[in-house]
Amino acid sequence: MASSGFPRRLNGKVAIITASTQGIGFATARRLGLEGASVVVSSRKQNNVDEAVEKLKAEGITVLGIPCHVGNGEHRRNLIKSTIDRFGRLDILVSNAAVSPSIDPILNMSEAAMDKLWDINIKSGILLIQEAASHLADGGSVILISSIAGFNPQRTLAMYGVTKTALFGLTKALAAELAPNVRVNCVAPGFVHTHLSDFIFQHEDTKEEVKSQTLLDRFGSADDMAAAVAFLVSNDAAYITGEVLPVSGGMPSRL
Ligand code: NAP
């Protein structure tokens, strides 16, 4: 593999990243791969998985692609089993999948939209971690991808934001349950232009308002988020567990 310029902190590690055929998930799979990990990419659609696998292979990354809708129990089991069958171990699990099916205020939100938010943004991640837990190697790591919106759920993203707040609590609870052998941390991205966040970027006013909340006067990139994940799963973060790392260009998070 040609040198990527990144440290090889993850040589010999095996990482699963959910919802990783584009956006933050793909950038994370790529970064972990360039740092030496074998990566498992997944999302709902086989053609997206195939495309992501080809791109990563072209960079010399060892990669396995498995279609997985995180809300489907059979898919989750197959994701873990296929990883163990192929690589014989699991060190890193990045739970990245999320939906934002409605911009309705919470008081007007349909039960179906609330169920979907709970199901994909919270429950599916928990069920996948349950499935993976007994396979995670000592020194392994789980990362939950939350959002800066989890600190202060905004009007158009209120219930989505609340599901992301829940991931902060989940991080603490799972860090205690998986200690001392496996660390659990959370990344809270700021705004990155992806398919999921595209509606914000369609409206110049909203876009400028969001950008003005950053101290660094720019949106984030998927690579900014991937770099934070790579740090947290590496030995450089060996004494960090149960924490939330905002990666938001200084958007308001906490004191
Ligand atoms: P994205 O670019 O829109 O990518 C979504 C990915 O998820 C695709 O690979 C898609 O592929 C896959 N996917 C969708 N539904 C899925 C499901 N049910 N099961 C498995 N895979 C599924 O998303 P993103 O913006 O990078 O978001 C990634 C994470 O970052 C999410 O947790 C999001 O909440 C968080 N986040 C994003 C931002 C932002 O500004 N973008 C900010 C804060 C937090 P298929 O269509 O093939 O399934």
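Predicted model: local features only at pLDDT ≥ 70, side-chain atom pairs only at ≥ 80, totals over all residues.
I started with helix α4 (residues 111-133) and helix α5 (residues 158-178), which pack at an angle of about 15° with their axes 10 Å apart.

Angles under 35 degrees count as roughly parallel, so I put α4 and α5 down as roughly parallel to each other. I also looked up the handedness, and α4 passes α5 in a right-handed crossing.

Next I listed who touches whom. From α4 I have M114, L117, W118, N121, I122, I129 and A133, and they meet M159, Y160, T163, A166, L174 and L178 in α5. Sorted by class, that contact has eleven nonpolar residues, two polar and no charged.

Then I moved to helix α1 (residues 23-34) and helix α8 (residues 222-233). Their packing angle is about 50°, and the axes are 8 Å apart. That makes α1 oblique to α8. The crossing of this pair is right-handed.

On the α1 side I noted G23, I24, A27, T28, R30, R31 and L32; they meet A222, D223, M225, A226, A227, V229 and A230 in α8. I get nine nonpolar, two polar and three charged residues for the contact of α1 with α8.

Notes:
Residues numbered from 1 in each chain as written. Axes fitted to C-alpha atoms, helices over the stretch in contact; angles between N-to-C directions. Helix = DSSP H or I, 4+ residues; strand = E, 2+ residues; numbered from the N terminus. Parallel < 35°, antiparallel > 145°, perpendicular 65-115°, else oblique. Left-handed = near helix turned anticlockwise from the far one by under 90°. Contact = placed C-beta atoms within 7 Å. Nonpolar A, V, L, I, M, F, W, Y, C, P; charged D, E, K, R; others polar.
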